[in-house]
Amino acid sequence: MSSPPNYYQPGNELEFKDHPLFTLEKIYQAYLRCRRHKRGTINALIFEQNMEENLLNLHEELTGGTYRPGRSMAFLVEKPKQREIFAADFRDRVVHHLLVGYLEPRWERRFIHDSYACRKGKGTHRGVERLRSFTRKATANGIRRAWYLQLDVRGFFITLDHNILYERLSAHEADPAVRWLIRVILFNEPTKNCRFRDGRRADFERLPAYKTLFKTRNGCGLPIGNLTSQFFANVYLDALDQFVKRRLRVRYYLRYCDDIVLLSKDKKDLKQWEEEIKFFLAHRLRLQLNERRKLRPISDGIDFLGYIVRPDYLLVRRRVVGALRERLTTTEQALTRLGMAEYPDGRQLFPWRRPLIEKVRQWLNSYLGHIKKASGYRIIRGLRNRFSWLDEYFLWEEGKVVLRCPIPRLTLRFSQQKRWFIDHLPGHVLMIRQGGFWEMVEGSYEAAAPMLSRPSRFPNRRIHPVKDRLWKARCPVAWITETGRRLCNIAERALVCRWDFV
């Protein structure tokens with residue numbers, strides 16, 4: 001086997017000129033991957049302002065061996081449980097994508113099939129489906145009794161040992177430049193000189209020792225929130241995967257990050273495997289299992305990745321449904337505060353606050369994507385009955401929601417905008433804002449024409465009497481106003497309120 005090329009330069013052992021990993025092309029490709037789904041964030045926009053200069057600086061630092069990670073942003077999240085997050089600077093994320101893009105294909109060949117966290121073609125839904133197939137096989141399609149053992153590592157990201165991880169990575173990587181970059185990222189301490197968002201250091205130090213990097217021992221811990229941390233976690237626990245599959249020869253074994261599930265028809269096997277896994281973790285990886293392990297019949301259902309997994313069907317975890325109801329209730333309260341209070345008739349009308357509605361659409365579709373994988377028809381039906389305002393804003397199409405009246409995009413003239421809203425809001429009187437005037441769109445006001453004298457164009461200062469007459473006549477009206485942005489040479493317009501009397 002030929003030895004790897006030597007990229008060390010004479011006189012400076014930390015220079016890697018002409019290294020294929022640190023070319024401008026590779027760095028630019030890593031930048032494109034990094035900005036995907038992040039292009040609208042502040043850090044990405046700041047980096048993009050001087051993109052060429054920033055990429056050239058990264059290239060010089062990497063090839064010269066002078067690259068060092070910058071300051072991280074530390075903050076706390078409360079749901080689903082309290083934990084600390086360290087968000088790396090955007091330029092450091094580019095380097096993370098560069099390194100993981102190089103290492104990931106090499107390690108994918110080593111990883112076992114049934115590790116599902118942060119891997120291409122895997123994920124939570126694939127992991128749940130695989131576990132469900134395991135339950136059917138272990139129980140012979142529900143004919144025989146079988147058991148499951150569910151384990152997780154106590155404070156995994158906080159107690160992970162840097163030296164053990166580096167030894168495992170370097171054992172399969174001979175390139176000195178790659179080893180150097182691994183050391184720079186792995187042994188960086190994000191707690192030093194970090195910035196705090198919406199909190200102080202004292203808030204982090206109130207966390208238990210196994211939940212914060214501020215209390216971990218030297219040489220331990222990975223910051224939650226970095227791409228490299230997710231990949232390094234898979235490399236670290238791959239040793240456990242190989243032990244369980246090759247030494248213990250467990251047939252039904254599945255892992256998602258530090259959440260582990262084993263299945264067997266013999267309860268004694270699971271107890272023995274638990275002791276051997278506990279010993280292996282303690283002596284080889286310096287990790288401890290959490291005390292809240294589960295050893296139960298498969299017929300009880302396995303609480304895994306937001307689902308209750310059974311051989312014949314899936315249920316959504318109660319905590320997921322409860323979190324969704326809580327967010328919908330909070331949104332309902334916000335919409336109520338923004339309601340049309342000047343027309344109290346016992347019926348609450350919700351306004352079309354476009355940014356808020358768009359955010360609701362995004363996270364609601366995430367929940368629906370989770371629910372539709374399970375037996376969730378009754379859940380969705382119950383949500384629509386409880387939160388009837390959802391049907392005011394959204395149409396339900398194949399397990400997702402779309403805006404009932406989206407913003408017209410492919411319109412270059414005001415007449416095209418009017419036609420768009422007529423098609424999307426049939427049976428409504430259309431009142432469209434145009435500068436300092438409101439225009440009643442021709443072809444939509446036949447029902448209101450007998451109640452309103454001409455003209456059909458009203459100054460903004462005289463619109464309140466028109467509102468009163470339309471309201472008293474109980475006409476279905478759609479109010480459309482300018483958003484402040486422009487589409488080519490025309491102002492962008494969107495629905496802001498809809499009166500739909502029934």
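Buried means under 20% relative accessible area. Keep that cut-off in mind for the stops below. The model on screen is predicted.

**Whole chain**

Start with everything shown as a cartoon. The protein has 17 helices and 17 strands. Its C-alpha trace spans about 90 × 70 × 45 Å along the principal axes. Of the 502 residues, 49% are buried. The accessible area is about 27,000 Å², and carbon and sulfur atoms hold 48% of that.

Next, think about contacts. Take those with a separation of 6 or more: 66% of them join residues 24 or more positions apart.

Colour by charge. There are 94 positive and 56 negative charges in the protein.

**Stop 1: Ser72**

Select Ser72. It sits in the loop between α3 (51-64) and β1 (73-77). Is Ser72 buried or exposed? Its relative accessibility is 7%, so Ser72 counts as buried.

Show what surrounds Ser72. Leave out neighbours within four places in sequence. Ser72 is then in contact with Phe86, Ala87, Ala88, Pro190, Cys194 and Arg195.

**Stop 2: Thr191**

Move to Thr191. This residue lies in the loop between α8 (176-186) and β4 (195-196). Thr191 has a relative accessible area of 17%, and is therefore buried.

Which residues does Thr191 touch, not counting those up to four places away in sequence? They are Phe86, Leu213 and Phe214. Keep Phe86 highlighted: Phe86 is on the contact list of Ser72 and on that of Thr191.

**Stop 3: helix α5**

Select residues 124-138, which form helix α5. Pick Glu129 in this helix. Glu129 is partly exposed, at 37% relative accessibility. Glu129 and Lys373 are 244 residues apart in sequence, yet their C-alpha atoms are 9.4 Å apart in space.

Now show the side chains of Arg130 and Asp114. They meet in a salt bridge, 2.7 Å from N to O. This pair links distant parts of the chain: Arg130 is in helix α5, while Asp114 is in the loop between α4 (90-108) and α5, 16 residues apart. How do the two partners differ in cover? Arg130 is partly exposed, with a relative accessible area of 25%. Asp114 is buried, at 6%.

**Stop 4: Arg255 and Asp241**

Go to another salt bridge. The side chains of Arg255 and Asp241 come together at 2.8 Å, N to O. Again the pair links distant parts of the chain, with Arg255 in strand β5 and Asp241 in helix α10, 14 residues apart. Hide the surface to see both ends. Arg255 is buried, at 1% relative accessibility. Asp241 is buried as well, with a relative accessible area of 1%.

**Stop 5: helix α13**

Select residues 354-371, helix α13. Show Arg361 and Glu358. Their side chains form a salt bridge of 2.5 Å, N to O. The two residues are 3 apart in this helix, so about one helical turn separates them. Arg361 is partly exposed, with a relative accessible area of 23%. Glu358 is partly exposed too, at 23% relative accessibility.

Then select Arg35, Arg39 and Glu48. Salt bridges that share partners join these three into one network. Across the whole protein, the count of salt bridges comes to 21.

**Stop 6: the positive patch**

Bring the surface back. Select Arg136, Lys137, Arg144, Arg251 and Lys265. These residues gather in a patch of positive charge on the surface.

Zoom in on one of them, Arg251. Where is Arg251 placed? Look in the loop between α10 (227-247) and β5 (252-256). Arg251 has a relative accessible area of 62% and is exposed.

Key. Residues are numbered from 1 along each chain as its sequence is written. This is a predicted model: local features need pLDDT of at least 70, side-chain atom pairs count only at pLDDT 80 or more; totals for chains, interfaces and linings use all residues. Side-chain values use heavy atoms; hydrogens and water are left out. Patches are made of residues with over 30% relative accessible area and no salt bridge: like charges are joined within 9 Å, nonpolar side chains (Val, Leu, Ile, Met, Phe, Trp, Tyr) within 5 Å. Accessible areas come from the Shrake-Rupley method with a 1.4 Å probe; for residues, only the protein chains shown count as cover. A salt bridge is a side-chain nitrogen of Lys or Arg within 4 Å of a carboxyl oxygen of Asp or Glu. Lys and Arg count as positive and Asp and Glu as negative; His and the chain ends are not counted. The place of a charge is taken as NZ of Lys, CZ of Arg, CG of Asp or CD of Glu. Helices (H or I, at least four residues) and strands (E, at least two) are DSSP runs, numbered from the N terminus. Buried means under 20% relative accessible area, exposed over 50%, partly exposed in between (1.4 Å probe, protein chains only). Contact means heavy atoms within 4.5 Å.
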